[in-house]
Amino acid sequence: MESGGEKLLQDLVSHEQNLVAKVDSAKAEATKIVEEAGAEAQSLKERAEERGRALVDEQAAKLNTAAAEAREEILTQARADVAAIESRAEQNLQQAVKFLLERVLP
């Protein structure tokens with residue numbers, strides 16, 4: 001009977017060792033999965049940040065282009081307005097000179 005008890009004890013020890021080995025293996029696998037998930041999360045974060053920077057740069061370029069176009073439109077209109085005012089001023093000056101000459105030299 002003692003030999004049967006010893007066999008049972010050895011079986012229990014063997015079974016416990018198998019369970020410990022399985023737990024250790026599961027822990028190692030879990031650690032590996034967590035590390036891989038962390039690395040993947042970091043990679044996704046970096047790609048998202050890079051894409052965000054690219055979008056910001058793209059929008060900034062579009063805004064700069066739009067601002068330059070608006071500025072050019074304003075300058076073009078201002079130049080046209082100045083030219084029109086200068087033309088009217090020249091006409092008024094000519095009329096004023098003509099008027100003075102008519103008054104001074106009848």
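## Salt bridges

Four salt bridges turn up in a search of the whole structure. The model is a predicted one. Three of these pairings are described here.

Lys-7 and Asp-11 form one of them, with N and O 3.3 Å apart. Both residues sit in helix α1. Four residues separate Lys-7 from Asp-11, which is about one turn of the helix. Lys-7 has a relative accessibility of 47%, so it counts as partly exposed. Asp-11 is at 39% and also falls in the partly exposed class.

Lys-45 and Glu-49 make another salt bridge. Their closest N and O atoms lie 3.9 Å apart. This pair, too, belongs to helix α1, with a spacing of four residues, about one turn of the helix. Lys-45 is partly exposed at 45% relative accessible area. Glu-49 is partly exposed at 39%.

Glu-72 and Arg-79 also meet through their side chains. Here the N to O distance is 3.7 Å. Arg-79 has a relative accessible area of 52%. The cut-off for exposed is over 50%, so Arg-79 counts as exposed. Glu-72, at 42%, is partly exposed.

## Fold and overall shape

The C-alpha trace spans about 155 × 10 × 10 Å along its principal axes. Helix α1 covers residues 2-104. Val-104 lies in this helix. Its relative accessible area is 59%, so Val-104 is exposed. The C-alpha atoms of Val-104 and Glu-29 are 110 Å apart. Along the chain, 75 residues separate Val-104 from Glu-29.

## Surface and burial

How much of the protein is buried? Of its 106 residues, 0% count as buried. Buried here means under 20% relative accessible area.

The accessible surface amounts to about 9,600 Å². Carbon and sulfur atoms contribute 60% of that surface.

The protein carries 14 positive and 21 negative charges. The mean positions of the positive and negative charges are 10 Å apart.

Which residues gather in a patch of negative charge on the surface? They are Glu-29, Glu-35, Glu-36 and Glu-40. Glu-35 is placed in helix α1. It has 55% relative accessibility and therefore counts as exposed. Glu-29, another residue of the patch, is the one whose C-alpha atom is separated from that of Val-104 by 110 Å.

Terms used
Residues numbered from 1 in each chain as written. Predicted model: local features only at pLDDT ≥ 70, side-chain atom pairs only at ≥ 80, totals over all residues. Heavy atoms only, no water. Buried < 20%, exposed > 50% of the residue type's maximum accessible area, 1.4 Å probe, protein only. Areas by Shrake-Rupley, 256 points an atom, 1.4 Å probe, with all protein chains shown as cover. Lys, Arg positive; Asp, Glu negative; His and termini not counted. Charge placed at Lys NZ, Arg CZ, Asp CG, Glu CD. Patch = residues over 30% accessible without salt bridge, like charges linked within 9 Å, V, L, I, M, F, W, Y side chains within 5 Å. Helix = DSSP H or I, 4+ residues; strand = E, 2+ residues; numbered from the N terminus.
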